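I opened the notebook to look up one chain, piece by piece. The entries below follow the order in which I checked things.

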Amino acid sequence: MHFHQDGYVSADPRIEDAAGYGIDRPESLPDVVDVLIVGSGPAGMVAAAQLAQYPDVNTRIIEKRDGRLVIGQADGIQARSVETFQAFGFAEEIMREGYHITEMAFWNPDPDNPGHIIRTGRPKDDETGVSEFPHLIVNQARVLDYFAQFARQSPARIEPDYGIEFVDLTVEDPATAADPKHPVSVIVRYTAGERAGQQRTIRAGFVIGSDGARSGVRSAIGRTMSGDQANHAWGVMDVLANTDFPDIRTKCAISSKHGNILLIPREGGHLFRMYVDLGEVPADDARKVRQTSIEEIIAKANAILTPYSLDVKNVAWHSVYEVGHRLTDAFDDTDDITPGSPCPRVFITGDACHTHSAKAGQGMNVSMQDGFNIAWKLGQVASGRSSEELLRTYSAERQVTAKNLIDFDKEWSTLMATPQDELPDKAYLEEFYVKTAEFPAGFMTEYTESMITATTENQELATGFPVGKRFKSAMVNRVCDAYPLHLGHEAKADGRWRVYVFADRAAPAPAVEAAAGVDEAAVTGVPALAEWFESDPASPLVAYRRTGEDIDALVELNVIYQQPHTEFDFTDVPQVFRPYVGKFGLEYLEKIYAALPDDDIFETRGISRDGAVVIVRPDQYVSGVFPLDAREEIGKFFAGVFLPEE
């Protein structure tokens with residue numbers, strides 16, 4: 001961690017100094033806010049945590065419950081989410097707390113005794129090394145706690161306003177509104193405390209609806225969900241039990257003549273979750289299946305597990321749900337059909353705009369990426385860094401991702417409910433699980449060309465960093481202290497963009513020689529790029545830097561050399577890669593890296609030996625790949641992202 005730049009710190013360095021609206025933050029919900037988040041579920045809490053890094057944006061989050069979530073329904077944490085936790089500073093803690101899925105056991109009817117089940121396979125959970133992070137099981141409530149802690153300890157000091165629910169909203173045209181910066185009127189109602197039952201109206205610049213499948217925000221902006229009606233029911237239960245089933249602490253897909261079970265061991269030992277197949281639901285059922293008792297669910301589980309038995313001692317939570325796949329046509333309130341229509345002011349995330357089964361473990365994971373996506377964009381726009389046009393990219397990006405998820409989940413949940421003898425072959429489900437591992441892990445999202453995603457014309461310079469996909473980390477050696485680390489793990493969710501300069505074959509020139517004077521036309525590669533970043537009016541470090549800010553306040557530069565760290569010193573590297581930061585102007589040395597001889601990032605990520613520039617946006621997705629000499633193109637790219645200071 002980096003935290004002594006403004007003076008010696010002896011207390012918890014994760015607690016940042018309050019700034020902006022975080023200073024003397026009002027305890028009660030104010031009449032006017034820049035961003036109002038409705039709902040403190042996964043998407044809402046990620047959004048709050050990210051916006052807490054923008055202290056000049058007045059953000060509040062309301063929740064109709066009177067306190068924190070106690071029992072969360074979601075529990076599967078995919079590797080992409082753990083990457084996100086790393087950016088928010090709590091991956092190590094949650095990995096220690098969570099249950100690690102290392103393999104998945106498949107059970108099917110015994111060919112010699114079809115009434116009994118036998119283990120037929122146990123593939124590794126990540127055989128291809130999709131990520132260096134694990135697949136975890138952690139209670140949703142704990143995930144929300146970690147994001148709440150980050151938000152509370154960030155400069156904006158954001159905490160949920162509990163006991164307040166959303167009622168309705170109206171959006172005025174900013175061009176004619178009395179308050180053009182806050183054109184959204186939001187009616188809220190108190191659900192707890194002395195003011196319970198009272199309503200009031202507040203004004204907001206923007207609203208994020210993270211209020212679940214029955215979203216009031218979605219209804220208020222006229223969006224509706226469409227898709228497949230539920231036709232298959234599952235009973236789900238978190239239980240403490242004794243059993244002779246040998247894989248009770250292993251994730252299992254169990255198929256028998258009596259139905260199917262998806263078994264998920266929970267963190268902390270003893271506790272496990274079972275999704276128990278309750279069968280097809282008749283069209284005229286009128287949700288009667290939801291009245292299935294816990295006793296019936298347990299009995300069904302025992303039948304499926306034959307010849308094994310389950311002796312349930314305690315039920316922590318249970319429910320019955322019907323699988324349905326539904327999606328809204330857009331995730332905001334804008335009218336993209338009409339040219340010149342106002343930019344969006346209201347956004348919906350998570351279950352408010354896409355619903356699916358729990359079988360692929362995607363609900364919480366995809367919702368968190370929704371919140372991450374919209375939050376940094378709102379942070380940039382509301383703080384005057386970017387045009388409101390940036391906000392149009394949210395729905396365009398996330399609606400496609402949700403559609404792909406639903407298509408995948410339809411296939412997976414259908415296969416989970418299909419008897420083995422009706423599948424193409426006995427190993428079909430297991431093989432499908434292995435070959436599609438990258439999708440449920442969260443790594444198939446790929447954003448297309450837009451104002452924040454460049455073309456792929458230079459992709460061959462960095463084939464391991466596909467434009468539009470998440471930045472897949474790799475090992476490097478930090479030069480100043482010879483410390484090997486994952487390059488991507490150093491990027492904090494602080495709203496900054498990252499530029500990774502992968503150097504060409506030339507070794508860093510000693511600073512003394514560089515200062516002696518060289519013909520500018522002869523300066524190429526990294527030195528020329530460094531000079532451009534440091535002083536050219538078109539450089540993002542120059543053009544958009546505000547008075548009093550550190551040079552890396554908006555865009556952080558990193559440089560990675562091909563030479564081992566023993567062949568040069570940090571003093572040989574251009575000054576812009578070791579900027580002066582903080583109130584004392586201290587030289588920051590920790591963004592200069594070297595390739596490891598036995599784990600060369602240039603090889604593992606397909607980086608050209610002629611060098612490359614990889615631009616990564618605040619939510620960890622690659623925005624562009626450029627040659628080292630593409631200074632004009634890099635300047636134009638950032639000109640489409642940022643606004644100069646007025």
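**Entry 1: Asp335**

I began with Asp335, which counts as partly exposed because its relative accessibility is 35%. The cut-offs I used: buried is under 20% relative accessible area, exposed is over 50%, and partly exposed is in between (1.4 Å probe, protein chains only). Asp335 lies in the loop between strand E18 (325-328) and strand E19 (346-348). Helices (H or I, at least four residues) and strands (E, at least two) are DSSP runs, numbered from the N terminus.

**Entry 2: Ground rules**

I noted that this is a predicted model, where local features need pLDDT of at least 70, side-chain atom pairs count only at pLDDT 80 or more, and totals for chains, interfaces and linings use all residues. Residues are numbered from 1 along each chain as its sequence is written, and side-chain values use heavy atoms, with hydrogens and water left out.

**Entry 3: Pro344**

I stayed in the loop between E18 and E19, where Pro344 also has its place. Is Pro344 buried or exposed? Pro344 is buried, because its relative accessible area is 1%. Which residues is Pro344 in contact with, leaving aside neighbours within four places in sequence? I found Phe206, Asp332, Asp333, Thr334, Leu391 and Arg392. Contact means heavy atoms within 4.5 Å. Phe206 is 138 residues from Pro344 in sequence, yet their C-alpha atoms are 8.3 Å apart.

**Entry 4: Helix H1**

Next I checked helix H1 (residues 42-51). It is largely enclosed by the rest of the structure, because 10 of its 10 residues are buried. The buried residues run from Pro42 to Leu51 and include Met45, Val46 and Gln50. What covers them? The cover includes E1, strand E2 (59-63), helix H4 (140-153), strand E8 (160-162), strand E11 (199-209) and helix H7 (363-382).

I found a cis peptide bond between Thr306 and Pro307, with omega about 20 degrees. Pro307 sits in the loop between helix H6 (294-305) and strand E17 (310-322).

Then I looked at positive phi. Asp24 has a phi of about 50 degrees although it is not a glycine. Asp24 is in the segment before strand E1 (32-38), and it counts as exposed because its relative accessibility is 72%. Ala482, also not a glycine, has a positive phi of about 55 degrees. Ala482 is in the loop between strand E21 (475-478) and strand E22 (483-486). At 36% relative accessibility, Ala482 counts as partly exposed.

**Entry 5: The whole chain**

I wrote down domain 1 (20-74 + 140-227 + 326-417), domain 2 (99-137 + 231-321) and domain 3 (459-640). These bounds come from an automatic or database domain assignment. The C-alpha centres of domain 1 and domain 2 lie 33 Å apart.

The C-alpha trace spans about 85 × 60 × 50 Å along its principal axes. Of the 646 residues, 55% count as buried. Among contacts between residues at least 6 apart in sequence, 74% join residues at least 24 apart.
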